[in-house]
Amino acid sequence: MAGPSARMLALLSLLQVHRDWPGDELAGRLAVSPRTVRRDVDRLRGLGYRVEALRGPAGGYRLEAGSDLPPLLFDDDQATAIALALAVAPASGADVAESAARALATVRQVMPARLRARVDAVQAVTGPSGTRTDPDVLVAVSEAVHLREVLRFGYGEDETPHRVEPHAVVARNGRWYLLDRDLDRDDWRTHRIDRITPRMRTRVPFTPTPIPGGDAAAFVSARFKGSAVDDVWPCTGSVTTTVDDAQTIAPYLPEDAVVEQIDGDRCRITLGSWSWDGLAGVVAGLIVPVRVEGPDELRGAVLELSRRLVIAAG
């Protein structure tokens, strides 16, 4: 090693990789004596790192979480990932824009020039989010999920009381949702976390109930589509159109639309919605001439919508 500083950084990097390290193995990795390893560990402790000594014939060391945040060591990919995550953090919906900007400035300042160039090349313009979630509330709800602890909170402007078993926190389209089992209603519910006002901790544990379908994100998505469990629209239909390449119209369709080429110049577009009337509105908004392929419920809804549009146009 070039010197104590470089050796300490190498030691810290090793301690962050594995939880337990035998002292002799650390000494071998660093090409120093066990006594030198002990001195470097003491220096790390002086900087705020909690390095515990392990008992046993060979002894060893373990890096524990500390009461304060000491200096951290990241490789190039980790540092770039952290910087980019901080850059787009405001788009998450959590009210951390100012804190994220300050953290990004701190990380960027200590980056080597080669990494700063990579981060600066990504000009993230996140735009305003429709809602802002208090990070303290987000943390409190997430802790209840992690601890498997019954959560009490007020919901909405009138702070309607709820008592739930929290199962998962799900981020969706710039908002944060709690997926929970409502104890008073004996049913699965989703609650927007920006509308939650947590009450005092209950410290009441619960045994988690298996989430229907096994996937929290898919279950929340299904509820937004009006489905009980499966992440599918309750009303699905298809139309056909004449186009040389199906992919040319894909960017102008709803996000979950399925486009497939039927033959040389025709393609099928499969769409979904809450209701047949809603699906007819989606079809009416397509940018290309289409013909309803089916089912009959969609064909009838399109006819009814066309009559209403004729009346609306006078």
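User: Where is Pro-295 placed?

Analyst: Before anything else, please keep in mind that this is a predicted model. Pro-295 sits in the loop between β12 and α10, and the peptide bond that leads from Gly-294 to Pro-295 is cis, with omega near 5°.

User: OK, and β12, which sheet is that strand part of?

Analyst: β12 belongs to an open sheet of four strands, which come in the order β10-β11-β9-β12 and pair in the antiparallel sense. The edge strands are β10, covering 258–261, and β12, covering 291–294, and each of these pairs on one side only. From one strand to the next, the twist averages 30°.

User: How many bridges join β10 and β11?

Analyst: There are four bridges between β10 and β11, the latter being residues 266–273, and the pairing is antiparallel. If you look for Gln-261, you will find that it stands opposite Cys-267 in β11.

User: Which helix packs on that sheet?

Analyst: That is α10, residues 296–312, which touches β9 (235–242) and β12, and whose direction makes about 150° with that of β12.

User: And how do α9 and α10 cross?

Analyst: The axes of α9, which is residues 276–284, and α10 come within 8 Å and cross at roughly 70°. Since angles of 65 to 115 degrees count as roughly perpendicular, α9 is therefore described as roughly perpendicular to α10. The crossing of α9 past α10 is right-handed.

User: Which residues meet there?

Analyst: On the α9 side they are Trp-276, Asp-277, Leu-279, Ala-280, Gly-281, Val-283 and Ala-284, and they meet Glu-297, Leu-298, Ala-301, Val-302 and Leu-305 in α10. Sorted by class, this contact has nine nonpolar, one polar and two charged residues.

User: Changing topic, what is the phi of Asp-186?

Analyst: Asp-186 has a positive phi of about 50°, although it is not a glycine. You can find Asp-186 in the loop between β6 (175–182) and β7 (187–192).

User: Is Asp-186 buried or exposed?

Analyst: Asp-186 counts as exposed, because its relative accessibility is 56% and the cut-off for that word is over 50%.

User: What about Arg-203, where is that one?

Analyst: Arg-203 lies in the loop between β8 (196–198) and α8 (216–224). Its phi is near 55°, which is a positive value in a residue other than glycine, and with a relative accessibility of 59% Arg-203 counts as exposed.

Terms used:
Residues numbered from 1 in each chain as written. Predicted model: local features only at pLDDT ≥ 70, side-chain atom pairs only at ≥ 80, totals over all residues. Heavy atoms only, no water. Pairing = 2+ DSSP bridges. Helix = DSSP H or I, 4+ residues; strand = E, 2+ residues; numbered from the N terminus. Axes fitted to C-alpha atoms, helices over the stretch in contact; angles between N-to-C directions. Contact = heavy atoms within 4.5 Å. Buried < 20%, exposed > 50% of the residue type's maximum accessible area, 1.4 Å probe, protein only. Parallel < 35°, antiparallel > 145°, perpendicular 65-115°, else oblique. Left-handed = near helix turned anticlockwise from the far one by under 90°. Nonpolar A, V, L, I, M, F, W, Y, C, P; charged D, E, K, R; others polar.
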